[in-house]
Structures are given as structure tokens and as C-alpha cells.
Amino acid sequence: MHRNQIRLGQTLLLAVSVGLVSRPALAGKPVGWYDAPRAVRDVVVSQGGLPNPLDLETEQNEGQAVYEAQITDQAGVVKDLVIRADGKLIATKADDAADKATERAARGKAVLKGVKFSHPTKINNPYLPLAELKQDIFEGTEGAEKVRVTRTVRPDLHKTFTIGDQKVEALVVEDRAYADGVLDEVAIDYFAQDDDGTVYYLGEEVDEYKDGRVVSHTGSWLLGKDTPVPGVMFPAQPKAGLKWRSEDVSSSIGELDEIMAVDETVVVPAGTYKNCIKVKESLADGTTEYKYYGKGVGVIREQPTGGDVKLISHTKIAR
């Protein structure tokens with residue numbers, strides 16, 4: 001079982017598509033879900049789609065704007081819906097690699113437009129203050145297994161990413177996940193905070209273990225190598241209803257997040273935390289999971305499908 005599901009970063013997502021049916025290589029302009037006409041949104045929902053961002057295409061149909069959205073049908077096939085502004089479904093087509101690469105490049109530019117990283121490793125977002133963290137320890141269950149995750153900031157490890165014309169040093173976090181007392185996975189995650197306070201996810205390097213040996217690197221990805229789009233790990237100005245992608249790599253590596261509440265009280269072995277933020281994570285397999293973020297601490301509780309994992313210890317760097 002992939003222990004990434006109870007880690008800070010995760011590896012499953014419903015991606016959003018761009019491209020026009022008559023010219024598949026074209027990419028549109030990403031627009032927010034509520035910026036699209038109601039008639040378009042109704043078609044997406046009626047076809048089983050989620051309220052994700054859409055793409056406004058550069059070409060029109062009979063004088064009307066054209067939008068494209070991606071859905072996953074009941075058979076698990078990813079499809080693109082091409083919809084006119086008045087709600088007419090013009091075409092349904094299978095997504096292809098060229099479309100995905102083009103759309104992801106466009107999203108990467110949109111996500112990073114105007115973003116500056118003056119002090120990227122000084123991550124002090126109130127709900128994810130990783131620069132203060134020494135180690136978090138989580139324990140709980142996932143299915144029939146007892147799980148334990150140790151999350152440790154690794155100042156001895158360094159990695160630099162190129163973002164636009166900027167060289168960005170990442171803060172490195174190591175997660176060690178155990179299932180029934182046996183090492184299951186070690187992941188090295190890379191994060192950076194922009195000048196506005198948004199925390200970005202720049203990739204992870206994963207070792208999966210069996211019988212004490214590394215057997216897989218499933219879920220590994222790096223910004224600039226596997227995707228041009230950084231994930232948003234946590235926004236600078238969180239509010240109920242806000243959505244973002246914490247990973248946007250491929251149809252099997254990614255995640256769509258949404259803030260469900262900003263006033264939760266959460267009791268875990270490490271303490272009682274008020275005014276916590278509850279985040280819903282929509283995964284590519286159709287399941288949902290939840291994380292709770294405590295102010296001044298970070299993640300305090302994770303609820304993967306069939307599980308519940310709680311913070312039992314939070315240690316900050318001595319000042």
C-alpha cells in the first residue's frame with residue numbers, strides 16, 4: 001500500500017485539460033470554475049465532472065466562446081468535453097499526450113506569473129510553518145494496519161530548482177512511514193515559500209521498501225523534470241471554498257484540494273487545537289481524504305480512506 005496517502009505530499013489527482021477538438025495542439029486560457037458560464041458548468045456536472053477550473057479556447061463556435069473541461073467516466077477513461085458558452089456539448093474526445101503537455105505548460109506559467117522567491121526556505125506560513133519544525137510524529141491506522149510516520153526537516157540536505165529566471169533553494173523534509181512496525185516508505189519532499197506566503201511543493205523522491213529493500217520509486221517527481229507546474233502545498237490566504245492543486249504531474253500523480261472549514265476544533269494526542277483548517281483532497285481514483293491544519297503547527301490529523309492518523313508529538317527547532 002502506498003504510504004504517500006498519509007504524508008504531507010500525495011500522488012493522485014484529477015487533472016484539467018486544454019486543447020480544441022479541431023486542433024488538438026492548441027491550448028486555451030485557464031479560467032476558474034465560477035468564471036465559466038452556468039450553462040457550461042451544468043454540462044460538466046451532468047457528465048460526471050468535478051467543479052475544477054476549465055479552459056477558455058482561443059477559437060469560437062458560431063460566434064460563441066468555447067470551453068474545455070476534463071472528466072473521468074465510469075470506466076475510468078479520461079475525456080475532454082468541448083462545450084459552447086450556451087451549454088451545447090460540441091464534442092467529447094479522449095485526452096492525448098500532446099494536449100496534456102501543452103495544458104500543463106500553460107498552467108505552470110499561470111501558477112508562477114509574478115511569483116518571487118526572495119527567502120524560499122523561510123517557510124513561516126501560519127498553517128505550515130516548516131522552517132520552525134524539527135520533527136512531527138504521527139500514529140494511527142489505515143485499513144487493518146497500524147501506521148507511524150516521522151516527519152523531519154533535513155537542513156543537511158540541499159536542492160535547488162530553476163523557476164523562471166530564479167534559482168530557488170528548497171526546504172527539505174523527510175517522511176519515514178512504517179506499517180505494523182516495518183519500514184514501508186521513505187520520501188524526501190521539497191518545498192519553497194514565495195514572498196506572499198504561499199507554500200509550493202517542488203517534488204519528492206520516493207523509496208518504497210519490502211523486506212528491508214528498496215523495490216520501487218513510485219510517486220517520485222521533480223519540478224522541471226517531470227512537470228512544469230509546482231504544486232501549491234498551502235495558500236497564503238486560506239478561506240472556505242478555496243481550491244488548488246498540490247500536485248499536477250500526470251493522471252496518476254496529483255491532487256486537487258479544497259478548504260471545507262476554517263474553524264474546526266481537533267483533539268489529538270499532541271494537544272487540542274482550535275480554529276483548524278479542514279482540507280478535502282480529491283484523488284484520481286474517485287476517493288476523498290482529509291487533512292486538518294493547526295495554526296502554528298501544520299498538519300495535525302490525516303484521514304486517508306479507511307484510516308485515521310493523528311499527531312502525537314510536535315517538536316520545534318530550539319532557538
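The protein chain exposes about 14400 Å², and carbon and sulfur atoms supply 50% of that area (Shrake-Rupley method, 1.4 Å probe; for residues, only the protein chains shown count as cover). This is a predicted model, in which local features need pLDDT of at least 70 and side-chain atom pairs count only at pLDDT 80 or more, while totals for chains, interfaces and linings use all residues. Residues are numbered from 1 along each chain as its sequence is written, and side-chain values use heavy atoms, with hydrogens and water left out.

**Exercise 1. Describe the make-up of the protein chain.**

Step 1. The protein chain holds 2 helices and 21 strands. Helices (H or I, at least four residues) and strands (E, at least two) are DSSP runs, numbered from the N terminus.

Step 2. Of its 319 residues, 49% count as buried. Buried means under 20% relative accessible area, exposed over 50%, and partly exposed in between (1.4 Å probe, protein chains only).

Step 3. Take the contacts in the protein chain between residues at least 6 apart in sequence: 53% of them join residues at least 24 apart. Contact means heavy atoms within 4.5 Å.

**Exercise 2. Find which residues touch the most other members of the largest nonpolar core.**

Step 1. A nonpolar core is a set of buried Ala, Val, Leu, Ile, Met, Phe, Trp, Tyr and Cys residues joined through side-chain atoms within 4.5 Å.

Step 2. The largest such core has 51 residues, and the two that touch the most other members are Leu202 and Tyr293.

**Exercise 3. Count the aromatic pairs and work through two of them.**

Step 1. Rings of Phe, Tyr and Trp (its six-membered ring) pair if their centres lie within 6.5 Å; planes under 30 degrees apart count as stacked, over 60 as edge-to-face and the rest as tilted. The count by this rule is 7 aromatic pairs.

Step 2. Phe117 and Tyr200 make an edge-to-face pair, with 5.5 Å centre to centre and 70° between the planes. Phe117 lies in the loop between α2 (97-112) and β6 (133-142) and Tyr200 in strand β12 (residues 199-210), so this pair ties together parts that are 83 residues apart in sequence. Phe117 is buried at a relative accessible area of 8%, and Tyr200 is buried at 5%.

Step 3. The ring centres of Phe234 and Tyr293 are 4.7 Å apart with planes at 50°, so that pair is tilted. Because Phe234 lies in strand β15 (residues 231-234) and Tyr293 in strand β19 (residues 288-294), the pair ties together parts that are 59 residues apart in sequence. Both Phe234 and Tyr293 are buried.

Step 4. Ring pairs link Tyr127, Phe234, Trp244 and Tyr293 into a cluster.

**Exercise 4. Assign the buried and exposed residues of helix α1 to its sides.**

Step 1. Helix α1 (residues 38-46) has Val40, Arg41, Val43 and Val44 as its buried residues.

Step 2. These cover an arc of only 155° around the axis, which puts them on the same side of α1; the arc is that of the directions from the helix axis to the C-beta atoms.

Step 3. Arg38 and Ser46 are exposed on the other side of α1.

Step 4. Just after α1, Gly48 takes a positive phi of about 90°.

**Exercise 5. Locate Pro129 and list what it touches.**

Step 1. Pro129 is found in the loop between α2 and β6, and is buried with a relative accessible area of 6%.

Step 2. The C-alpha atoms of Pro129 and Gly298 are separated by 6.4 Å, although the two residues are 169 apart along the chain.

Step 3. Not counting residues up to four places away in sequence, Pro129 touches Ile123, Asn124, Gly296, Val297 and Gly298.

**Exercise 6. Examine the positive phi of Glu62 and of Asp180.**

Step 1. Most residues other than glycine have a negative phi.

Step 2. Glu62, not a glycine, has a positive phi of about 50°. Glu62 is found in the loop between β2 (54-61) and β3 and counts as exposed at 66% relative accessibility.

Step 3. Asp180 also has a positive phi, near 50°. Asp180 is found in the loop between β10 (171-179) and β11 (182-193) and counts as partly exposed at 47% relative accessibility.
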